[in-house]
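Thanks for coming. Please look at the sequence and the model on the screen, and I will walk through the fold and then a group of aromatic rings.

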Amino acid sequence: MSDAARLVAISPLQTLKSPYLPSNRVVFSSYGSSKFVSDFCDCLKRQGNVDGGRMKALTNSSQQGSIQGLDTSSPASIELKPILNETQFDRVITEAEHLEESVVILWMAKWCRKCIYLKPKLEKLAADYHPRVRFYCIDVNNVPYKLVVRAGVTKMPTIQLWKDSKKHGEVIGGHKAYLVVSEVRDMIEGEDQL
C-alpha cells in the first residue's frame, strides 16, 4: 500500500496545513507505518505547519497505531475476487443462494479504460456492503465466451446483481465512475427493499 493511501480524513485535524495533503486534513490508519508517520511529522515541523499540540497527537497516534475514535474494524476497500471460469461462476452463485446473499459482478476487460477507473471505486463500495453482499470481477477475455453470452453481457463495464441464482439488476457503466457507483448502490438498495 502506498504511503498516500494510508492517509484518511478526520475532522479534529482539519486545521493542519500542508501543501501535500488534499483538504488540509490527515489521519493515519492502523495500517500506516510508524516510520512514515514520524517522517511526515518531522517534515511538517520543519515547514512550521503544525503547532505543538497537534504534533503530539500525530506522534502519539503513530506510536499507538491509530487515532482514538477511528473505526478500524471495517476495511476501507475490499479487492474484487476474480472469477476465472464457468464452474467457479456457478459455484459463487450457488453459494450465495444458500447463504441468502447477493452477488455483484463487474464484467470488465483489461483494455477497457472505464473498467480500470471503475474497479477501485467498486472495491470501496464493496467495503460498505461487506459481508452481506459479495463483489466479484470477471475479465471477459479470460473466460469462455459462452459464459459472457449466458450472463447477457454486451458492453463493458457491466455491473450485475445476482440473487437466488438469477440476474436481478444491471448497470452499464459507460459514464462517469461516481455516477455508476451511485447506480450500483441504488440497485443494491432496491434489491434489499424487495
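One term before anything else: buried means under 20% relative accessible area, exposed means over 50%, and partly exposed is in between, using a 1.4 Å probe and protein chains only. This is a predicted model, where local features need pLDDT of at least 70, side-chain atom pairs count only at pLDDT 80 or more, and totals for chains, interfaces and linings use all residues. Residues are numbered from 1 along each chain as its sequence is written, and side-chain values use heavy atoms, with hydrogens and water left out.

Now the overall layout. Buried residues are 40% of the 194 in the protein. There are six helices and five strands; these are DSSP runs numbered from the N terminus, helices being H or I with at least four residues and strands E with at least two.

The five strands form an open sheet with mixed pairing, in the order S1-S3-S2-S4-S5. Strands count as paired if DSSP finds at least two bridges between them. Strand S1 (81-82) and strand S5 (166-172) are at the edges with a single partner strand each, so one side of each has no neighbour in the sheet. Further in, S2 (residues 102-108) pairs with S4 (residues 158-163) in the antiparallel sense over five bridges. One of the residues involved is tryptophan 107, whose bridge partner in S4 is threonine 158.

Helix H3 (residues 86-98) packs on this sheet and touches S1, S2, strand S3 (133-139) and S4. Contact here means heavy atoms within 4.5 Å.

That brings me to the rings. What describes a pair of aromatic rings? The distance of the centres and the angle of the planes. Rings of Phe, Tyr and Trp (its six-membered ring) pair if their centres lie within 6.5 Å; planes under 30 degrees apart are stacked, over 60 edge-to-face, and the rest tilted.

By this rule there are two aromatic pairs. Phenylalanine 89 and tryptophan 107 make a tilted one, 6.1 Å centre to centre with 55° between the planes. Phenylalanine 89 is in helix H3 and tryptophan 107 in strand S2, so this pair ties together parts 18 residues apart in sequence. Both phenylalanine 89 and tryptophan 107 are buried.

For phenylalanine 89 and tryptophan 162, the centres are 5.3 Å apart and the planes at 85°, so that pair is edge-to-face. Tryptophan 162 lies in strand S4, so its pairing with phenylalanine 89 of helix H3 links parts 73 residues apart in sequence. Tryptophan 162 is buried too, with a relative accessible area of 9%. Together, Phe89, Trp107 and Trp162 form one aromatic cluster.

Definitions and conventions: Axes are lines fitted to C-alpha atoms, for helices over the stretch in contact, and angles run from 0 to 180 degrees between N-to-C directions.
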